[in-house]
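Let us walk through this structure step by step.

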Amino acid sequence: MCVARLLVRNKRGRGYLVNPGRSPVGRAVRYLILAGIILIMLPIILLSLYRLPFIHPISTLMMKDIVTFSGYDRRWVPLDQISPSLVNSVMMSEDARFCFHNGVDWDALNSVVSDTIDGEQTRGASTIPMQTAKNLFLWTSRSFIRKGLEVPLAVLTDLILPKQRLLEIYLNIAEWGPGIYGIEAAAQYHFKTSAAKLSPRQAAYLAVTLPNPIVRNPARPGRGMQTLARVNERRARGAGAYVGCVN
């Protein structure tokens with residue numbers, strides 16, 4: 001078998017042949033390639049497992065709480081045991097085009113990029129698949145590196161997971177307050193009821209909490225939150241075909 005070798009010269013100009021696979025640089029390159037393959041394959045393997053209904057994924061924030069012994073409250077609940085008002089409210093608040101894109105709303109994302117380049121104030125363009133991918137695999141602090149990883153992961157998440165399963169996972173790992181994850185824990189904590197029995201107004205308050213769950217409290221909404229909730233409630237009632245892929 002022929003093995004490729006590299007000619008390496010020392011300070012005196014003398015050269016000698018080395019096997020790049022056995023040199024420190026060669027080993028480093030091989031390890032980097034192997035690490036890259038693992039990083040690419042790991043989300044594919046995990047998302048394939050997450051298709052199974054009896055597997056209940058946890059988020060990276062939940063992992064952090066476990067590692068730091070902070071503790072958290074999360075009670076998994078199937079999608080068909082969540083109030084339709086809550087499903088509609090979250091979709092219309094977080095990602096009204098959820099049923100029509102493949103993980104990324106490219107029009108909204110292009111607008112954000114253009115506004116950023118022009119130095120204008122930007123609005124959010126994260127879709128539910130993007131937020132799900134972030135919650136499952138990435139960190140929470142904002143950065144271009146995270147966003148760059150989030151986009152392909154969102155496409156992959158939407159490709160592997162059916163829409164209903166993807167939304168079910170999102171609603172069960174989303175943060176609704178410090179140490180409060182998933183809609184069942186949120187409904188119990190904030191309104192002393194189950195996710196199945198949430199009223200349209202309660203659902204609207206929970207939906208508009210998601211962009212900033214540490215600051216916003218759905219049980220004690222200020223005037224701004226009340227206004228947002230009323231708008232969201234109207235949009236949720238008229239959602240129609242916008243939520244057709246999960247009903």
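This is a predicted model.

Which residues make the contact between α3 and α7? From α3 come Leu 86, Val 87, Val 90, Met 91 and Glu 94. From α7 come Leu 167, Tyr 170 and Leu 171. Sorted by class, this contact has 7 nonpolar residues, 1 charged residue and no polar ones.

Stay on helix α3 for a moment, because Ser 93 lies there too. Is Ser 93 buried, partly exposed or exposed? Its relative accessibility is 28%, so Ser 93 counts as partly exposed. Set aside its neighbours within four places in sequence, and Ser 93 is in contact with Ala 207, Val 208 and Asn 232. Ser 93 and Ala 204 are 111 residues apart in sequence, yet their C-alpha atoms are 8.6 Å apart in space.

Now turn to charge. Side chains of opposite charge can pair when their charged atoms come close. How many salt bridges does a search of the whole structure find? It finds 9.

Take Lys 64 and Asp 65 as one example. Their side chains meet in a salt bridge, at 3.5 Å from N to O. Lys 64 has 43% relative accessibility and counts as partly exposed. Asp 65 is buried, at 7% relative accessible area.

Another salt bridge sits within a helix. Glu 150 pairs with Lys 147, and their closest N and O atoms are 3.2 Å apart. Both residues lie in helix α6, residues 144–160. They are 3 residues apart, about one turn of the helix. Glu 150 has a relative accessibility of 1%, so it counts as buried. Lys 147, at 26%, counts as partly exposed.

A further salt bridge reaches across the chain. The side chains of Glu 233 and Arg 201 meet at 2.5 Å, N to O. This pair links distant parts of the chain, 32 residues apart. Glu 233 belongs to helix α10 (residues 223–237), and Arg 201 belongs to helix α9 (residues 200–209). Glu 233 counts as buried at 12% relative accessibility. Arg 201 counts as partly exposed at 34%. Some bridges also share partners: Arg 146, Lys 147 and Glu 150 are joined into one network.

Next come the aromatic rings. The count is 2 aromatic pairs. One of them is Tyr 72 with Tyr 181, an edge-to-face pair. The ring centres are 5.7 Å apart, with 90° between the planes. Where do these two residues lie? Tyr 72 is in the loop between α2 (60–67) and β3 (73–74), and Tyr 181 is in strand β4 (residues 180–181). The pair therefore ties together parts that are 109 residues apart in sequence. Tyr 72 is partly exposed at 31% relative accessibility. Tyr 181 is buried, with a relative accessible area of 2%.

Phe 100 and Tyr 242 also form an edge-to-face pair. Here the centres are 6.1 Å apart, and the planes again stand at 90°. Phe 100 lies in the loop between α3 and α4 (106–117), while Tyr 242 lies in the segment after α10. So this pair ties together parts that are 142 residues apart in sequence. Phe 100 is partly exposed, at 47% relative accessible area. Tyr 242 is partly exposed as well, at 40%.

Finally, step back to the whole chain. The protein chain has 10 helices and 4 strands. Read along the sequence, they follow the pattern β-β-α-α-β-α-α-α-α-α-β-α-α-α. Of the 247 residues, 43% are buried. Consider the contacts in the chain with a separation of 6 or more: residues 24 or more positions apart account for 63% of them.

Key. Residues are numbered from 1 along each chain as its sequence is written. This is a predicted model: local features need pLDDT of at least 70, side-chain atom pairs count only at pLDDT 80 or more; totals for chains, interfaces and linings use all residues. Side-chain values use heavy atoms; hydrogens and water are left out. Contact means heavy atoms within 4.5 Å. Ala, Val, Leu, Ile, Met, Phe, Trp, Tyr, Cys and Pro count as nonpolar, Asp, Glu, Lys and Arg as charged, and the others, Gly among them, as polar. A salt bridge is a side-chain nitrogen of Lys or Arg within 4 Å of a carboxyl oxygen of Asp or Glu. Buried means under 20% relative accessible area, exposed over 50%, partly exposed in between (1.4 Å probe, protein chains only). Rings of Phe, Tyr and Trp (its six-membered ring) pair if their centres lie within 6.5 Å; planes under 30 degrees apart count as stacked, over 60 as edge-to-face and the rest as tilted.
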